[in-house]
Amino acid sequence: MRPEDILVPTPAGVCCKLGGFHIDPTRPVERALITHAHSDHARAGHGAVLATPETLDLMRLRYGENFAGSTQPAHYGESVNLGGAKVTFHPAGHVLGSAQIAVEANGLRVVAPGDYKNVPDPTCAPFELVPCDVFITEATFALPVFRHGDADGEIAKLLHSVALFPERAHLVGAYSLGKAQRVIALLRKAGHGAPIYLHGAMESITRYYASRGIALGELRSARGASKAELAGTITLCPPSALNEVWVRRFPDPVTAFASGWMRIRARARQNGVALPLVISDHADWDGLIATVTATGAGEIWVTHGQEDALVHWCATRGLKARPLDIVGYGEEDDEAVIPGPAKGTGEADE
Ligand SMILES: [Zn+2]
Ligand SMILES: [Zn+2]
């Protein structure tokens with residue numbers, strides 16, 4: 001049996017004919033296995049969806065109760081037999097509920113982790129190494145220039161700025177699912193006890209995280225807060241809100257942006273970001289190659305970003321590697337979206 005007999009890339013996403021399912025399909029299918037709730041991976045309109053309980057809850061929050069014909073929760077470590085394939089979900093360390101999906105048949109194991117990172121994150125279960133024959137890696141930050149460094153150090157920079165400018169507000173652009181909650185949890189870990197304010201677009205997801213026992217401290221809605229109240233505080237908002245009239249309600253705001261892309265200074269300048277924070281929910285170059293190596297996989301499929309560099313690196317290590325040309329990942333709300341210059345999306349305020 002060849003790996004392609006277990007999983008085969010199709011325009012709709014990676015497909016397992018043996019088990020009758022797709023993983024993170026980009027168009028509606030009969031049966032979908034979903035790695036995590038970012039909207040480029042988790043779409044509404046599938047017949048049946050198998051995903052972790054958290055991913056199912058987050059999809060419900062975003063798309064409403066009827067986002068799929070039927071749903072089935074998959075807990076970490078639990079195996080489910082689908083047709084001739086055995087599938088098991090393992091933590092991917094990317095966002096709450098994110099899972100690597102291991103598919104096994106005839107003694108061959110292929111692992112599709114979706115997006116992942118191999119560094120600690122107080123808001124989700126840590127990445128679990130799953131030895132496999134084929135590893136399907138993402139490549140969002142697959143260039144040697146991307147080294148994310150220490151997220152705690154970036155949080156210290158933010159807190160230093162808050163201490164320096166007690167009369168100003170700090171606005172932190174962060175993706176609504178995962179990044180925003182991680183920044184809040186890291187602020188708490190660093191000892192920041194003051195209430196943290198939220199843009200309306202991230203309130204329900206953040207409160208869901210808190211309901212799952214993640215310590216986020218006191219959260220307040222930025223809506224309706226006076227300028228005086230917002231002085232000296234930190235507010236989390238979607239990156240697009242940094243360039244909208246919404247910011248005018250804040251006293252002399254300092255704008256920050258938490259993203260792996262902030263390693264590129266020109267990118268931060270382009271976005272008018274005063275305080276770039278290099279914090280990413282994707283593995284950096286070192287993380288990608290360390291993980292690819294550690295899985296022991298002899299064959300690597302690369303998707304979702306800078307495929308070429310990673311495919312080339314694999315070749316120099318004697319690993320069989322190929323890019324998967326699936327259109328539709330790295331769109332919408334994930335960090336895989338490369339931030340462009342300020343464009344004023346007109347996104348609804350709250
Ligand atoms: Zn993602
Ligand atoms: Zn993604």
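Are His36 and His38 buried or exposed? Both His36 and His38 are buried. The model is predicted.

**Zinc site**

- For four tetrahedral donors, the ideal angle at a metal is 109.5 degrees.
- Asp115 coordinates both the zinc ion (ligand 1) and the zinc ion (ligand 2), and the two ions are 3.6 Å apart.

**Helix H7**

- Helix H7 spans residues 285–294, and its buried residues are Trp285, Gly287, Leu288, Ile289, Thr291 and Val292.
- The cover over these buried residues includes strand S11 (134–139), strand S18 (299–305) and helix H8 (307–316).
- Gly296 follows H7 and has a positive phi, near 75°.

**Salt bridges of Arg182**

- The structure holds 18 salt bridges.
- One of them joins the side chains of Arg182 and Asp121 at 3.8 Å, N to O. Arg182 lies in helix H3 (residues 179–189) and Asp121 in the loop between strand S10 (108–112) and S11, so this pair ties together parts that are 61 residues apart in sequence.
- Both Arg182 and Asp121 are buried.
- Arg182 also meets Asp281 through its side chain in a salt bridge of 2.8 Å, N to O. This pair links distant parts of the chain, with Arg182 in helix H3 and Asp281 in the loop between strand S17 (275–277) and H7, 99 residues apart.
- Arg182 counts as buried because its relative accessible area is 3%, under the 20% cut-off. Asp281 is also buried, at 3% relative accessibility.
- Lys117, Asp121, Arg182 and Asp281 are joined into one network by salt bridges that share partners.

**Salt bridge of Lys189**

- The side chains of Lys189 and Asp152 form a salt bridge of 2.9 Å, N to O. Lys189 lies in helix H3 and Asp152 in helix H2 (residues 151–164), so the pair ties together parts that are 37 residues apart in sequence.
- Lys189 is exposed, at 56% relative accessibility, whereas Asp152 is partly exposed, at 34%.

Terms used: Residues numbered from 1 in each chain as written. Chains lettered and ligands numbered in written order. Predicted model: local features only at pLDDT ≥ 70, side-chain atom pairs only at ≥ 80, totals over all residues. Heavy atoms only, no water. Donors = N, O, S within 2.8 Å, 3.2 Å for Na, K, Ca; no water. Buried < 20%, exposed > 50% of the residue type's maximum accessible area, 1.4 Å probe, protein only. Helix = DSSP H or I, 4+ residues; strand = E, 2+ residues; numbered from the N terminus. Contact = heavy atoms within 4.5 Å. Salt bridge = Lys/Arg side-chain N within 4 Å of Asp/Glu carboxyl O.
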